[in-house]
Amino acid sequence: MGRYLLKRLLHAGCIVLGTTLLSYLLIYLAPSDPAQVIAAQRLGGHPNPAQVDWVRQYYGLDQPWFVQYLRWLTRALQGDFGLSIRTGQAILGEVSRALHYSLVLAVWTSAFVVLVAGVSGVWAALRCNTLWDQLLQLFGLLCASVPEFWLAFLLIWVFAITLGWLPSYGAKSSAHLILPMLSLGLGQAARLSRLTRTLVLDELGKDYLRTARAKGRTRASALLRHGLPNIAVPFVALLAYQFSLLLSGAIIIETLFTWPGLGSYYIAAVHFRDVPVIQAVVLLCASIIVGVHLLADLSYGLLDPRLRLGS
Amino acid sequence: MPGSQEAGPGAKVAQTLVLAAGHELGAANPHDYGSNMALLDLLYEPLVRYGPDGSPVPALAVSWGSTPDGLTWTFTLRPQVTFHDGTPFDAAAVKWNFDRWLGAPAHGWLPLTERITKVETPDARTVALTLRQAYYPILQELSVIRPVRFLSPRAVDGHGVFAQPCGTGPWKMASLAERRAVLVRNEAYWGAKPQIHGVVVEVILDAQTRVAALQSGEIQMIGGEYLGTIPPESLATLQADPALAVLTGSSVTSLHLMTQYIKPPFDDVRVRRALNLAIDRQGIVQAIFGGRAEAATGVMASAIPYVTRTATDLYHFNPSQARSLLAEAGWRPDARGVLVKDGQPLQMELGVDRSRLPETVSIAEAIQAQVQAIGIDLKLRLYDYSGWLQAYRSRHFALLMSFTWGPPYDPHTLLHGSFRSAPAPDAMPAYTDAQLDGLIDAALASTDVPTRHTLYQRIWQYMDDQAVVIPLVSPHRLYAHRSSVTGLRLGGTEYDLAYALQQVVIRGKK
């Protein structure tokens, strides 16, 4: 197990490093010159060549890209992410704040997804092929097929404009969390619910459950005690994937609701060619995604003894 | 909802106006470029304001004058003005502000930074500026926001680094977060105080969400270039809602196409003229802007100083004349109707920055269809702002859609920046020739209005004759607000928020 963990950690490190290198390369392969873009936005108007050169030197953009990358990497590994070119503030503080908001949204959305998908998936499997099941399937299909941004506008229209119950933007109170959480969570919950229903139906037909029922357990209690551990692995796998999407990829929903998370912070940095911020966010997101998947992989052994290594 | 407590019909209520801004607010430092200009306008004031009609209006200076040669300008400061922190606004504060930004490379886009050679303070209420050469737009440039507006000398830390927002304006900053600014009325303001007591600026990044927040009443006003534009498809919704009102103003910025005039086919003035004649500007105004724009009569909108003209024949849609001009230039239709010269079809690319205004892509598509009718094969290339800038700087385009700067920068900044040969050999204006250079220099150095007026008319005439650019349309200014907000008015520039809000009253709900 120790060796396995070490190998996985090494893998994870390589993936994260590779991602940061790739994103640095992309910034330099993009058709526009970062110094030009920064000069135009920092100095206003159409900057003249002397001003662009000044920006290039001031931010160290005159060095070859690999020198810049190595210099950034050395500092980043020591925990020094530098200052944002766009705001002049310490990146570590800004990223931590954005990460906090992203985590709040991602954790609550995931909790909502687990609750809704777990309950509705199991319930639908137990009521398989009844009218309720079919209605739920239809509703789930609808939620899973609707694009998030469209759902967001629909929710804003219903709950903010028509009913006036919930705010349409911002992050000031827990009420502000509800609409972005629903916009992100309904589709994910629908997908996970369908998976759960299929998995549970699969298990319900298996011999060990029939045996459990023969011993006098009800269908529901047999399923809870014996069936659910068996479906936990694919459930966790999809959940981990969706959670990492929520943390790093909620750009559209964050922008729509002006939610100050990592996604909108990152997009602002890309528009500004704020290289140190882009790199810091890429490093963070890559670490989170790799970390969440690693944790999920490790959890399989805990959830299902058959998947444990060695012994 | 803010500002809508229980009150009789039409009665005044506790008054806070909530506005939406489409971008991060920044630190509200008037000397850098990271802050929202409309927010800065509430806090900071210039010596001279750009009036609603384009004429200079006294602000922190009560009067001014220049020597006959136009080289020395003397400003008399308004007495008994203090910054929000109580620091007196005097000649020393003015000099301290000028010294912070004059000559800094960051502000080189503003010609004034290089033209002012000396700032003197003969007494506490007088400031004298010495210029390198006569430069009439000095009053217009002194009215811009960044970097010329006045910060309290006590609003910086021991190293001179900006520490907190503090100006002389009608509004004081009560609290500022990344996405929310709360301002309160400056009770010690020297001028007419606003009617309402507070302004809250909330950042809402998405344009559709801004509209939704206005409809739900969370926000009371949206629109304008610095607060965040209104998407054209939302206009009908906004107009249909009785709780909302739409406020429009005449155009101040315009769109035009720059041509690659040094290479074929645009090195031939007849081709440039033909393209002007081939575009149906009225059609674009009606179909794309629903009438909320003006067909261009020249490179600048008609509200810009020294622009007094009506449309010449060049800008009237006339495809048959365009065809005959192209035929004169040697371009003749082949069997499929495509224009050909020496075996080469008339093909070109039009570069468009789609990030600035949502309508730009539709305009480009309309132009594509219109010029196709006379046999020109036009391809579109869409850019974000940085890609557009790169194309402009490297002259890597045949046609490039571009904007004027709007007041208070125009007409002089655009002419000087895009249509005059730059001193640096690698600078790339959109069009240059010696005759136009001479006219622009003479206009900028002119010291009396009639001469300047004549010179500008010659510039416009010359630009028409040479078809220097292909002017398109000037979109109207567009705002929307809750009907309960009354007294809103538009100033001379898009960032004149202090002026816009000065007479605003929020009426209670029935």
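Buried means under 20% relative accessible area, exposed means over 50%, and partly exposed lies in between. All views below come from a predicted model.

View 1. B:Y136 sits in the loop between strand 7 (126-131) and helix 4 (138-142) of chain B. B:Y306 sits in the loop between strand 14 (293-295) and helix 9 (319-328) of chain B.

**View 2. B:Y189 and B:W190 form a tilted aromatic pair.** The ring centres lie 5.1 Å apart. The planes meet at 40°, so the pair counts as tilted. How much of each residue is accessible? B:Y189 has a relative accessible area of 13%, and is therefore buried. B:W190 has 28%, so B:W190 is partly exposed.

**View 3. Aromatic residues gather in chain B.** One aromatic cluster is formed by B:F83, B:F89, B:F98, B:W101 and B:F150. Over all chains, the count of aromatic pairs comes to 20.

**View 4. An arginine lies over a tyrosine ring.** The residue over the face of B:Y499 is B:R489. B:R489 is 3.8 Å from the ring centre.

View 5. Side chains of opposite charge can pair when their charged atoms come close. Here the partners are B:R179 and B:E24. Their closest N and O atoms are 2.9 Å apart. B:R179 belongs to the loop between strand 8 (171-177) and strand 9 (180-185) of chain B. B:E24 belongs to the loop between strand 1 (16-21) and helix 1 (37-43) of chain B. The pair links distant parts of the chain, 155 residues apart. B:R179 and B:E24 are both buried. Over all chains, the structure holds 21 salt bridges.

**View 6. B:R49 and B:D41 form a salt bridge.** The closest N and O atoms of B:R49 and B:D41 are 3.2 Å apart. B:R49 counts as buried because its relative accessibility is 15%. B:D41 is at 0%, so B:D41 counts as buried as well.

**View 7. A salt bridge connects two helices of chain B.** B:E328 pairs with B:R270 in a salt bridge, with closest N and O atoms 3.9 Å apart. B:E328 lies in helix 9 of chain B, and B:R270 lies in helix 7 (residues 269-278) of chain B. The bridge ties together parts that are 58 residues apart in sequence. B:E328 is exposed because its relative accessible area is 54%. B:R270 has 28%, so B:R270 is partly exposed.

**View 8. Four charged residues share one network.** B:D41, B:R49, B:R149 and B:D496 are joined by salt bridges that share partners.

**View 9. Three strands of chain B make an open sheet.** Strands of a sheet pair through backbone hydrogen bonds, either parallel or antiparallel. This sheet runs in the order 15-16-17, and the pairing is antiparallel. Which strands form the edges? Strand 15 (332-333) and strand 17 (344-345) of chain B do, each pairing on one side only. Strand 16 (residues 339-341) and strand 17 of chain B pair over 2 bridges. B:K341 stands opposite B:Q344, which is in strand 17 of chain B.

View 10. The patch covers about 550 Å². A:F149, A:W150, A:L154, A:W157 and A:I252 make up the patch. Which helix gives the most to the patch? Helix 7 (residues 148-162) of chain A does, with 4 residues. A:L154 lies in helix 7 of chain A. A:L154 is at 35% relative accessibility, so A:L154 counts as partly exposed.

**View 11. A:A190 is a buried residue in a helix.** A:A190 is found in helix 8 (residues 175-204) of chain A. Its relative accessible area is 8%, so A:A190 is buried. A:D202 is 12 residues from A:A190 along the chain. The C-alpha atoms of A:A190 and A:D202 are separated by 18 Å.

Terms used: Residues are numbered from 1 along each chain as its sequence is written. Chains are lettered from A and ligands numbered from 1 in the order in which they are written. This is a predicted model: local features need pLDDT of at least 70, side-chain atom pairs count only at pLDDT 80 or more; totals for chains, interfaces and linings use all residues. Side-chain values use heavy atoms; hydrogens and water are left out. Patches are made of residues with over 30% relative accessible area and no salt bridge: like charges are joined within 9 Å, nonpolar side chains (Val, Leu, Ile, Met, Phe, Trp, Tyr) within 5 Å. Accessible areas come from the Shrake-Rupley method with a 1.4 Å probe; for residues, only the protein chains shown count as cover. A salt bridge is a side-chain nitrogen of Lys or Arg within 4 Å of a carboxyl oxygen of Asp or Glu. Buried means under 20% relative accessible area, exposed over 50%, partly exposed in between (1.4 Å probe, protein chains only). Rings of Phe, Tyr and Trp (its six-membered ring) pair if their centres lie within 6.5 Å; planes under 30 degrees apart count as stacked, over 60 as edge-to-face and the rest as tilted. A charge sits over a ring if NZ of Lys or CZ of Arg is within 6 Å of the ring centre and within 35 degrees of the ring normal. Two strands pair if DSSP finds at least two bridges between them.
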